[in-house]
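Here are a few notes to read alongside the structure.

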Amino acid sequence: GNYLLMMFYTTIGGWMLAYFVKMVKGDFVGADTKQVEAIFGELTSNRNEMLFWMILISVLGLIVCSMGLQNGVEKMTKFMMSSLFVIMLILVVRATTLDGAVDGLKFYLLPDFGKMAENGFKEAVFAAMGQSFFTLSVGMGSMMIFGSYIGKERALVGEGIQITLLDTFVAIMSGVIIFPACMSYNIPTDSGPSLIFVTLPKVFEHMSGGRFWGAMFFLFMTFAALSTVIAVLENIIACNMEAFGWNRKKAGVINL
């Protein structure tokens, strides 16, 4: 399960890193919605470019894991997540002041029980549970591996509540950024994973210093993806160390 998930996360992490470089280069300056969509389409149809960024993300993740838990994993994720949090707060303010933002907030935050009944209540619950297991890393065991490292003085229930609240807060903030922007720039809200790669470049283009903020956002989103890559790799590496008696660096190299 962890290896299969790596195929997904290293690819998405590669997109984030590629977009950071594109933002720095100014590829989105003056681009309209169709051109931004074309840039994303070009990236996802270029096998060699995606392979390059995916391999780079994998190498970066394994380097951090091979540095150990406190010097590598803990230090990097603390810095990465704090930085992303600050950028997201700035983007929330910007997105909610766009023309048409109110419609986006209504679409996002006002429940439509008719739609739920139309698609089936069980389907909605199943989708919500799937998202919960996915976003909290319960299904693939990352919570278990990090939970096993916590000292006896920390209560797992308390840590679990904190993680759930923070995770939910960040997820809500993401929606508050993306959906008002979709309504403002007439981008379909059902575009799936590409939403972030089509909607947000348009938001940055209309911000003062947008190129800088865009570059920083995709850099820190790269960190966010990398933190998940690191978490899953830690699970794999810890398993290999216990099962085969390898040291941390050997497990890292073999898994690369």
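1. Let's begin with Val-170, which sits in helix H9 (residues 156-184) of this predicted model. Its relative accessible area is 27%, so Val-170 is partly exposed. Leaving aside residues up to four places away in sequence, Val-170 touches Phe-85 and Met-88. The C-alpha atoms of Val-170 and Phe-85 are 7.8 Å apart, although 85 residues separate the two in sequence.

2. Phe-85 also has an aromatic partner. The ring centres of Phe-85 and Phe-169 lie 5.9 Å apart with the planes at 45°, so this pair is tilted. The pair links distant parts of the chain, with Phe-85 in helix H4 (residues 69-95) and Phe-169 in helix H9. Both are partly exposed: Phe-85 has a relative accessible area of 28%, and Phe-169 has 42%.

3. Now for another ring pair. Phe-212 and Trp-213 have ring centres 5.2 Å apart and planes at 70°; that angle is over 60, so the pair counts as edge-to-face. Phe-212 is partly exposed at 48%, as is Trp-213 at 26%.

4. The aromatic pairs come to 19 in total. Some ring pairs form a cluster, joining Trp-15, Tyr-19, Phe-28, Phe-40, Phe-197, Phe-204, Phe-217 and Phe-218.

5. Finally, do look at H11 (residues 210-244) against H12 (residues 248-255): the helices pack at about 120°, with axes 9 Å apart, which makes H11 oblique to H12. The crossing is right-handed. H11 contributes Glu-234, Ile-236, Ile-237, Asn-240 and Met-241 to the contact, and H12 contributes Arg-248, Ala-251, Gly-252 and Asn-255. These residues divide into 4 nonpolar, 3 polar and 2 charged.

How values were computed:
Residues are numbered from 1 along each chain as its sequence is written. This is a predicted model: local features need pLDDT of at least 70, side-chain atom pairs count only at pLDDT 80 or more; totals for chains, interfaces and linings use all residues. Side-chain values use heavy atoms; hydrogens and water are left out. Helices (H or I, at least four residues) and strands (E, at least two) are DSSP runs, numbered from the N terminus. Buried means under 20% relative accessible area, exposed over 50%, partly exposed in between (1.4 Å probe, protein chains only). Contact means heavy atoms within 4.5 Å. Axes are lines fitted to C-alpha atoms, for helices over the stretch in contact, and angles run from 0 to 180 degrees between N-to-C directions. Angles under 35 degrees count as roughly parallel, over 145 as roughly antiparallel, 65 to 115 as roughly perpendicular and the rest as oblique. A crossing is left-handed if the near helix is turned anticlockwise from the far one by less than a right angle, and right-handed if clockwise. Ala, Val, Leu, Ile, Met, Phe, Trp, Tyr, Cys and Pro count as nonpolar, Asp, Glu, Lys and Arg as charged, and the others, Gly among them, as polar. Rings of Phe, Tyr and Trp (its six-membered ring) pair if their centres lie within 6.5 Å; planes under 30 degrees apart count as stacked, over 60 as edge-to-face and the rest as tilted.
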